[in-house]
Amino acid sequence: MTGRFANIIVDISHEKVDRPFQYRIPEKLMGKLTVGMAVIIPFGRGNKRMKGYVMEITDRVEYDEKKLKYIDSIVKDGVSAQGDSLRLAWWIRENYGSTMIAALKTVLPVKQKLKQVVKKTVICKADMNTAMAKAEEFAKKHQNAKARLMKELATQPTLPYTLVTSKLNVTNQTIQALEKAGLVEIQAEDTYRNVLPGMMAELDGWKKKQLSESQRTIVMSIMKDYKTGIRSTYLIHGVTGSGKTEVYMELIEQMLNEGRQAIMLIPEIALTYQTLVRFYQRFGDRVSVMNSRLSAGERSDQYERAAQGDIDIMIGPRSALFTPFERLGLVIIDEEHENSYKSESMPKYHAREVAGELCQMKNASLVLGSATPSIESYYRAKKGEIQLFTLKERLAGGQLPRVYVEDLRDELKTGNRSIFSRRLYSLIADRLQKREQTILFLNRRGYAGFVSCRACGHVMKCPHCDVSLSEHTDRFQKNSKLVCHYCGYMMPGVTNCPQCGSKYILGFRAGTQQIEELLHKEFPAARVLRMDADTTKTKNSYEQILSQFANEGADILVGTQMIVKGHDFAKVTLVGILAADMSLHAGDYRAGERTFQLLTQAAGRAGRGALPGEVVIQTYQPEHYAVVHAANQDYEHFYADEIAYRDIMMYPPAAHMMAVLVLSDNEKLGAEQADMLAAQAKRQFGDQRLVLIGPTEACIGKINDIYRYIFYIKHREYQVLTAVKDALEQTIHAMEWNADSVQFDFDPMNNY
Ligand code: ADP
Ligand code: ZN
Ligand code: ZN
């Protein structure tokens, strides 16, 4: 990097991250500075010497050149962990388009002077049966508060103190009385760690395993690369239960032996208590965990501990990637296909890509793992950029379930208009009779109101984008129109199927609540639990529902995509996927991939224990490749079909796509700005085989009185898209538009 000037961030310890200040580079430091380096600069009126970080080296003068001061010197130890974070922030800014401040806030925890809040928990000292017995005893003595608490603790051995005093309405005195009696313990601190001693019995089950031949091969290849100085990206493709986590742990252990540190990303929803126990068991307090429940202060403490070398392993969701380890040697991304790795706020980065950059900076290895790898990663593996490993067998036992695909068009023909196909209905009845459990899964993720024919399965699609059209109705539910989320193509709603003429062409509507009601009607004796956004609003409700179901407190669990992750229920022998089409026609190019993933995962919920499982997939499109291959658990063929589609339509990863979202409080101005930017892209890059879609009003045209316009640009080369972004950013800068009024999203994962 060359240039005569350096843009420097001076103070990063305040909540308000400052803008960069420009300095001159003195002769003696020419060519010696790199981004992220700490330097000493004179600052402010008094020219107080301060530490700053180089953000950019440039020849472009941004202030009055005569007034610019010189950098003093380089801080001895050069690029620090914090410097690395800043370099990463810079890379994120460059690649995803955002303000530097937003990028910095992403990589650095906000330091806040918070009062140290002590989190208290009430922990049950008695085992479940004793707790139950005590609860009954108290109830008989009419000591209702005590009874309430013991009963709750019997199923949930640790409870937040505040929940006990508020929700359960148990007073401090009562809790203290129970503590005196030796029934409970009050603990103030990190709950995860403190519950461990009480769980030693459980820990015994998680002894380090003798690795299987194929597991050992993976560990050995990666470590051999590492020791010979090769840093690469690896993808482990293996069904749930095939031993990936065991491989991760072995890799981490060997990296630790090499004196390096590790970060393991795992989607929050899949970060189960069991996984944590396994890691603590193996690595003790060298491990720390990050989750969204941590306050900003706690998060910054965690980073602090990492920076000081108090820990060597960080486990957590997306944000754990920014743990400032000095000696980072390994990043693992489990369930790498998960959407939650993509940030939905600015900067809209993908953790997998940022991890790639981070590993390069730190000279570390990157390991991805999944039962259903993302099309992106598999594509790179096929091209030889990623080394692919496959784990085929399930080590924990349990056979793959038998899968039925039920054609809902046939159901209609026989006069069955219920949500349940005949097969699903009879299998539910069968399970109720056998006292085995059922999961019913309604996949609403990305659901955007597609319109399909119940008689022939025809789906209304955009003629230009080959994605499903979404139905929009006016507020009287009368006049409907069908809209494409990408290009804005619009047509009036249809009353007859253009394919077969049937009048059963309708928007798809079904909710978990309706299913629950129908179950009560059809199977009055069944105990039904429902899990969706509504029933999981309160803290812990998610865990409570799952543990109730795991303890066989219900026969049927109805839920959205939330229920397919992480948990093993030994008694579940039937999984019903009620409307596979909901995700199949989500109106974006990833609909097929998401459907395949969800169907495969949901199917994997059945038959995890000793009892064999069955799966029923209900759909109007049994011939769709995502359904066919999911039913056969055949990733390879799914990939082949999917990548062919992406290639023809120029969707990622066969090509790249950039969404440009223009926000304005002025309807007309916003539209003009979007038009202007799109026209500029076309004019400047038009000869480069760039495809412009839009601009059009965004799918959600207005949020909080801010109008939203969207256009997309597709190109085979990612670099062309970043060049377009840079050009547009210059215009935005030159026109002095608000920097936040235009958002960029590369290879977008959701609709706008
Ligand atoms: P995944 O992460 O792919 O779901 P895990 O690593 O959790 O798989 O392994 C699934 C189960 O198999 C766990 O109970 C684990 O303890 C067990 N397991 C993994 N590897 C081995 C092994 N080499 N020998 C015996 N059991 C193993
Ligand atoms: Zn039809
Ligand atoms: Zn379209």
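Biologist: How many nonpolar, polar and charged residues does the shell around ligand 1 have?

Modeller: First, the ground rules. This is a predicted model, where local features need pLDDT of at least 70, side-chain atom pairs count only at pLDDT 80 or more, and totals for chains, interfaces and linings use all residues. Residues are numbered from 1 along each chain as written, ligands are numbered from 1 in written order and chains lettered from A, and side-chain values use heavy atoms, without hydrogens and water. Now the classes: Ala, Val, Leu, Ile, Met, Phe, Trp, Tyr, Cys and Pro count as nonpolar, Asp, Glu, Lys and Arg as charged, and the others, Gly among them, as polar. The shell has 5 nonpolar, 8 polar and 4 charged residues.

Biologist: Which backbone atoms lie 2.7 Å and 2.9 Å from an oxygen atom of ligand 1?

Modeller: A polar contact is a pair of N or O atoms within 3.5 Å. Here, a backbone N or O atom of Gly 241 lies 2.7 Å from a ligand 1 oxygen. For Gly 243 the distance is 2.9 Å.

Biologist: Which residues coordinate the zinc ion (ligand 3)?

Modeller: Donors are N, O and S atoms within 2.8 Å of the metal (3.2 Å for Na, K and Ca). The SG atoms of Cys 462, Cys 465, Cys 484 and Cys 487 coordinate this zinc ion at 2.3 Å. Their spacing in sequence is C-x2-C-x18-C-x2-C.

Biologist: What is the geometry of the zinc site?

Modeller: Four donors count as tetrahedral if all angles lie between 85 and 135 degrees. The angles here are 106 to 113°, so the site is tetrahedral.

Biologist: Is Cys 462 buried or exposed?

Modeller: Buried means under 20% relative accessible area, exposed over 50%, with a 1.4 Å probe and protein chains only. Cys 462 is buried, at 4%.

Key:
Four donors count as tetrahedral if all angles lie between 85 and 135 degrees; four count as square planar and six as octahedral if opposite donors are over 155 degrees apart and all others between 65 and 115; anything else is irregular. A polar contact is a pair of N or O atoms within 3.5 Å; within protein, one must be able to donate a hydrogen and the other to accept it, and residues adjacent in sequence count only if both atoms are side-chain atoms.
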